[in-house]
Amino acid sequence: LRLEAGDEGPETGVGQDEEELQEVLVHRMALFSRDQWVLELDPYVTQVFVLLTGDVRRGGITVPNPSDPEGFVAIEYEDFRPRIVPRIGAEGQVEIEVTVQITSRILEIRGRYDLRTMGFDPIDRTLESVFTSQAEDIIEMLQQEGIDALGFGQAIRRKNRKIWNELEPRWDELFPQVPVSVTVRSNTISAGLLTKHIETIR
């Protein structure tokens, strides 16, 4: 969570002239089930989780340089749009498809990479692979803990209330077994100049 220069605080968002840039670092996030604390997320996992909820549209990530194993690419999300799409079969079986559309720009490239000849495609494909893996890890963790924190059940209810009424009494039992697929599409629109790079390291 980053507050722009002059922001008074996250609770008000009121700016004041001539104030220096302030930043707030979220160290941990706790997930609750029926008012009980059941899982704690570190900063790395918190960022991915919050993006998947759709509550935040912007963020950043550092991915490997696709043409130089010793390098990296720092990327800023200009727009991050997740969707949770339930697929309901004829017999009432449920699968969840999580789709993510990312519009981003490159902040910095370290290592060998020629944008003129290679373009953005290799970086987009790398970002898609990295974020897919991150999302799958979090979803697997949530299913293992039995915490539907991304709202899969609510997505089913919105799509088919009748099916949801049948599933809801057993949802705690069913949720860990629901097949979930993740599809990420990235579109890099520009490469800007790096002014400041903040990296989340796990």
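Buried means under 20% relative accessible area, exposed over 50%, and partly exposed in between, with a 1.4 Å probe and protein chains only.

First, what we are looking at. This is a predicted model, where local features need pLDDT of at least 70, side-chain atom pairs count only at pLDDT 80 or more, and totals for chains, interfaces and linings use all residues. Residues are numbered from 1 along each chain as its sequence is written, and side-chain values use heavy atoms, leaving out hydrogens and water.

Confidence next. pLDDT is the predictor's confidence in each residue, from 0 to 100. The chain has a mean pLDDT of 82, with 74% of its residues at 70 or more. Residues 1-15 have pLDDT below 50, and this stretch makes 29 contacts beyond near neighbours in sequence. Residues 194-202 are also below 50, with 16 such contacts. A contact is heavy atoms within 4.5 Å. Where pLDDT is low, predicted coordinates should not be read in detail.

Now the sheet. Helices (H or I, at least four residues) and strands (E, at least two) are DSSP runs, numbered from the N terminus. Strands pair if DSSP finds at least two bridges between them. Four strands make an open, mixed sheet, ordered E5-E6-E7-E8. Which strands stand at the edges? E5 (59-65) and E8 (180-191): each has a single partner strand, so one side of each lacks a neighbour in the sheet. Direction ignored, neighbouring strands are turned by 35° against each other on average.

Take E5 and E6 (residues 68-88). They pair antiparallel over 7 bridges, and a hairpin of 2 residues joins them. Gly59 stands opposite Tyr77 in E6. Val63 stands opposite Val73, and Pro64 has Phe72 as its bridge partner.

On to E6 and E7. These run antiparallel, joined by 16 bridges. Pro82 stands opposite Val100 in E7. Their hairpin has 5 residues between the strands, and Gly92 there takes a positive phi near 90°.

H1 (residues 43-53) packs on it, touching E5, E6 and E7 (94-110), with its direction about 40° from that of E6. H4 (residues 152-159) lies across E6, E7 and E8, at about 40° to E6. For these angles, axes are lines fitted to C-alpha atoms, for helices over the stretch in contact, and angles run from 0 to 180 degrees between N-to-C directions.

The core. A nonpolar core is a set of buried Ala, Val, Leu, Ile, Met, Phe, Trp, Tyr and Cys residues joined through side-chain atoms within 4.5 Å. The largest one has 38 residues; Leu52, Tyr77, Val98, Val100, Phe131, Phe152 and Ile156 touch the most other members. Which element gives the largest share? H3, with 7 residues. Beyond four places in sequence, Val98 contacts residues including Leu52, Phe152 and Val180.

Thr126 sits in H3 (residues 121-145). Thr126 is buried, at 17% relative accessible area. Beyond four places in sequence, Thr126 contacts Val63, Pro64 and Pro66.

Back to Glu108, in E7. Buried or exposed? Glu108 counts as buried because its relative accessible area is 11%. Its side chain makes a polar contact with the side chain of Arg110, at 2.6 Å. A polar contact is a pair of N or O atoms within 3.5 Å; within protein, one must be able to donate a hydrogen and the other to accept it, and residues adjacent in sequence count only if both atoms are side-chain atoms.
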